[in-house]
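Visitor: I have a structure open and would like to learn how to read its features. Please take me through some of them.

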Amino acid sequence: MLGIAEAAEAIGFRSVGVKVTLEKLLEQAPLPCILHWGQNHFVVLYGIKRSKTILSRQRLKETWGGKRPTVELDSYIDKSVDQDQVGENVIERSADSSVMFRVADPGRGLITYTLDEFEKLWLSNQKKGSSEGLALLLEPTARFDTEEGEEETGLQFKQLFGFIWRYKRLVLQLALGMVVGSMLSLLFPFLTQSVVDVGINTQNLSFIYIILIAQFALLFGSATVDFLRSWILLHISTRLNLTILSEFLSKLMRLPVSFFDVKKFGDIMQRIGDHQRIEAFLTNQTLGVLFSFVNLFVFGLVLAYYHLSIFLVAIGFSVLYGVWVILFLKQRRVLDTKRFAVSSRNQSQIVQLIHGMQDIKLSGAETQKRWEWERTQASLFKWNVKSLAFSQYQQAGALLINQSKNIAITFLAAKGVLDGQITLGAMMSIQYILGQFNAPIEQMITFLQHMQDAQISLERLNEVHSLPDEEPASEAKRKEWDANLDIRISNLSYTYPGAGNDPVLRNVNLTIPHGKTTAIVGTSGSGKTTLLKLLLRFYEIQSGSISLGTTVKQKDFVIDNSTLADQSSPIGTELDLKHISHRAWRQQCGVVMQEGFLFSDSIARNIAVNDEVIDQDRLYHAANVANIHQFIESLPLGYHTRIGAEGSGISQGQKQRILIARSVYKNPQLLLFDEATNSLDANNEAIIIKNLEEFFKGRTVVVVAHRLSTVKHANQIVVLEKGEIVEIGTHAQLIDKKGKYFELVSNQLELGT
């Protein structure tokens, strides 16, 4: 199922694997979906013909004594059984096959199954008395409509509106509610006029009571319509919100790791926060402005019916108000860009203050760090001042226009009463109508501003969406290869992006033999970790190559630096690493980096990160190899003990052992350890190294370390200095040579020369 999900997401679907009951599948699953069928293959469920009658399985047993009726069941079904009262029992539809499941089976074609047939083939797991089945739910994203070879443009309003239209039944219900709400509101001015012109003029109190009751009824109706409209909007907006945010996170996960080296945390979080503005615009604002158009049209007609001159004045001032607001849109964009930059910096600082509090206190830098944060707050204050001043200028002009309109209309209405053109009741109705007429105008003007905000937010999200994927779907790359090949690094050079940076690696030539352990040593800044990250394909190679191939090895490693590149010679065809899928390559790599991360989850989940269902035997084996099984078992909840984000609640050494267990659990062909034991005491390190020696057999291992105990048993030791290989050999060979490696060991052991 994971393979199907990956293939689906590669062509633009969003997927989620679930284990659900039949009841939830019927009520909540979007169709078509993929089901695990008969415990041996997958099918597509593309349609369900539903019955209108519902009966719980338990109720069927009570009714028929556990036996299947031989007559039509519909006539015997107790209609009082409510679906919500059925509980966790699987819903049983009528036994006359009124619920039919349309399934596309790759082995048998298009087939229709009855409820009993469907249950037997799909339901497989028992949980709390209910049977569950496995399903893969799919929904198309914006990438689904992108043609092969076409540049990805990210999210567009057209696509997002198309997503909303998938819920056209809800949208039509919403539109109907808007029309009904407008019709109900339309009656209020006529009722108000009748109270004044009929009830008061004729002093008919009974008539006034009737009108008041009618107004309360209309008020209740309008409130009900608004209540239902809010629920429908919540459903649509939640789904849209999930679509936008899920697509953005999916894109982040497809980007190369180098993206996160240069992007600030606050910048990414601000972009994620921008999705709320898009969602609010597409649901509340867009659907609200449709409601405003209906109200504007209806109350405009009524206002024109009462007094044409007043209607023309209202329209004229409203157009002037709209032009006034549009004049400020350009400056609003500039201010929003500044707000984004300052807010991004503020969010990054807050996160650093919280996560770095220990080091801040140890460094005595509380005051300086607080001052840095306060300077950012000063920048935010300046932005708020500019934003407020800008808003006040706009609001002052808007207030002048709107109040002028109200004064002019009041004058015209009063004059109309004096001239006998309208009644006093009509004048009061005009004031009510004017309020209802102004509200849509305000909503439409606000809509323009929110549309600009949403457009800016969409542009920011699309700045990320437009970046090339680490592994473009259009490029077919190998996902399988011969695991017994050596890793060959040829003429490799790398410089971190940025002006004036010196090369971190220079013309590196190295063979990492399969099934052997290669240790990389050197002073800080010599390029050891960078080389590991290039092997993991975190960065794109700028010069040279890394490939897999078979080599003819000499009996001893060459120690003379002038002939390092000739230590082995390739035979056969080499497979360049760039032709292998990033994901497939990393799945075969067990890695412990210096900055390894522990998730806020159970210890078991932190070890078996990549498994939905944890293999207990592998879990215990990995923990034993990392010498942490006994510690975990001593905890009250054992492997279910939750540990905080970044390993809070455990020591650094325990964190490092969990990371080692994680790499062992993957059972990879290639292991890369970057100072994997530097936080361990000598006893733990000795036990783990002994355990790892057994685990390393038949696997390719690359170890970056400073400790002699970690590297001295390696099959070859590579010494890096300022990005260049200066020595290669075994521990004994390099000690005899008394070169750079001997100097590093001597300094560590304080032996001197």
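Visitor: How close do the axes of helix α10 and helix α13 come, and at what angle do they cross?

Guide: Some ground rules come before the answer. This is a predicted model, in which local features need pLDDT of at least 70 and side-chain atom pairs count only at pLDDT 80 or more, while totals for chains, interfaces and linings use all residues. Residues are numbered from 1 along each chain as its sequence is written, and side-chain values use heavy atoms, with hydrogens and water left out. Helices (H or I, at least four residues) and strands (E, at least two) are DSSP runs, numbered from the N terminus. Axes are lines fitted to C-alpha atoms, for helices over the stretch in contact, and angles run from 0 to 180 degrees between N-to-C directions. In this case, the axes of α10 (residues 308-326) and α13 (residues 366-418) come within 10 Å and cross at roughly 175°.

Visitor: Which word describes how α10 and α13 lie to each other, and why?

Guide: Angles under 35 degrees count as roughly parallel, over 145 as roughly antiparallel, 65 to 115 as roughly perpendicular and the rest as oblique. α10 and α13 are therefore roughly antiparallel. Contact means heavy atoms within 4.5 Å. The residues in contact include F317, Y321 and W324 of α10 and Y393, I401 and L412 of α13.

Visitor: How do the residues of that contact of α10 with α13 divide by class?

Guide: Ala, Val, Leu, Ile, Met, Phe, Trp, Tyr, Cys and Pro count as nonpolar, Asp, Glu, Lys and Arg as charged, and the others, Gly among them, as polar. The contact of α10 with α13 has 15 nonpolar, 6 polar and 1 charged.

Visitor: At what angle do α11 and α13 pack?

Guide: The angle is about 155°, and the axes of α11 and α13 are 10 Å apart. That makes α11 roughly antiparallel to α13. Handedness is read separately: a crossing is left-handed if the near helix is turned anticlockwise from the far one by less than a right angle, and right-handed if clockwise. α11 and α13 cross in the left-handed sense. Among the residues that meet are L335, V342 and L353 in α11 and W373, W383 and F390 in α13. By class, this contact of α11 with α13 has 8 nonpolar, 9 polar and 7 charged residues.

Visitor: How do the axes of α11 and α14 cross?

Guide: The axes of α11 (residues 329-355) and α14 (residues 424-465) come within 11 Å and cross at roughly 45°. That makes α11 oblique to α14. The crossing of α11 with α14 is right-handed. Residues making the contact include R332, R333 and D336 of α11 and D453, E459 and R460 of α14. The classes in the contact of α11 with α14 are 3 nonpolar, 4 polar and 8 charged.

Visitor: Is Q270 buried or exposed?

Guide: Buried means under 20% relative accessible area, exposed over 50%, partly exposed in between (1.4 Å probe, protein chains only). Q270 has a relative accessible area of 14%, so Q270 is buried. Q270 sits in helix α9 (residues 265-306). Apart from neighbours within four places in sequence, Q270 is in contact with R339, F340, S343, S344 and Q347. Over the protein chain of 753 residues, 46% count as buried.

Visitor: How many disulfides are there in the whole structure?

Guide: A disulfide is a pair of cysteine sulfur atoms within 2.5 Å. A search of the whole structure gives 0.

Visitor: Where is the cis peptide bond?

Guide: The bond from L31 to P32 is cis, with omega near 0°. P32 is in the loop between α2 (22-28) and β2 (33-37).
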